[in-house]
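Colleague: I would like to learn how to read a few features of this model, one at a time, with the general idea placed before the particular case.

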Amino acid sequence: MSEEPDDRTVFGHKHKAFLQALTSRQVITFDEAKPLIAAIETSEKPDRPTQPGDITEVDFRDYINTVNNAISPFDFEIRNLQHQTSKERVYAFVNTTSDALTQMSTMHSADEIAFVKRVLDAMFETYNTQRAEVMAITSLQALKLAKANESQRRESQTQTQAAQGLTMTQAEKALETMVEEGWFELSESGYYSLTPRALMELRGWLVDMYNEQEEEDEEDDDEEEGGTQVRIKFCAACRDIVTVGQRCPNLPCNARVHNACVRNMFRTQRDSEKCPACQTAWRDPPPVGEKAAKNTGGRRPTNGIAGRRSNGSTRVEEEDSDASGGAD
């Protein structure tokens, strides 16, 4: 696709159309953007139709950069990262100042938000330990969080009204909604985890929430770095959050890397296949993500829903062991 340089850099009607399409879908890939941009270009110049195959990555980046320049004063940004499983680069329209839970509060009830927060706590605390960094949760494990426990109810009473919790059916629907809205994704193995969009939009919030500063006199078995619990770790190569990938074979070490970034990590070390932090040989690195749960000897998870009673309530199978979630 060829056009005048000014057409690519000046925010105009076609960029507004692209932005409108992106805000409606929240995330987009280059392959998904090609027919969209082609249609926009064709509408601008109907006498010179543009085909999706005519759109190059340079054209796509021009759209992204031009839109970003226009929306940055309003605390919005199009960010991108590589999907940790599919390895496809994903672009997302994110709010750079408001945390996602605040945004969700305009569309969901307080009990639904509290449930989502309990699921996130399970992902990044309960099932994110030195023994197994799963950072994902099965449907069964999530549905067990439908009701707040006693300490959570007491905490909610000190802040607002007491948390009522959700029924199993409501919790199941809330999980489905989080997937539909692009916050959670459900793997073929039945694990819920954060989507690329959620990782981009929640990046600062996750660090603030789960990499908490330890009290000087408090002891904790979790990894620490400079007095801080490090539950949210970043790739040694690309610097994005790692929830699926590899960890240093020296378990107390905080070095992590995405599977797709391993070669780049070694390349920056002149092909030295050692941990960039502690210099341990990078051999048989333990996995990060749902594979870490399987390495603990737990059963392969199901979707957690065994069936429904005749009265419509959801019946949930009990897990034989919490090891499938990586809890110590």
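Colleague: How many residues does helix α4 have, and what span is expected for it at 1.5 Å a residue?

Modeller: This is a predicted model, in which local features need pLDDT of at least 70, side-chain atom pairs count only at pLDDT 80 or more, and totals for chains, interfaces and linings use all residues. Residues are numbered from 1 along each chain as its sequence is written, and side-chain values use heavy atoms, with hydrogens and water left out. Helices (H or I, at least four residues) and strands (E, at least two) are DSSP runs, numbered from the N terminus, and the expected span of a helix is 1.5 Å times one less than its number of residues. Helix α4, residues 57-71, has 15 residues and reaches 21 Å from first to last C-alpha, close to the expected 21 Å.

Colleague: Which residues of α4 are buried?

Modeller: An α-helix has 3.6 residues a turn, so residues three or four places apart point the same way. Buried means under 20% relative accessible area, with exposed over 50% and partly exposed in between (1.4 Å probe, protein chains only); in α4 the buried residues include Phe60, Tyr63, Ile64, Val67 and Ile71.

Colleague: In what order do the three strands of the open sheet lie?

Modeller: Strands of a sheet pair through backbone hydrogen bonds, either parallel or antiparallel, and two strands count as paired if DSSP finds at least two bridges between them. Here the order is β4-β6-β5, with antiparallel pairing, and β4 and β6 (residues 191-194) are joined over two bridges.
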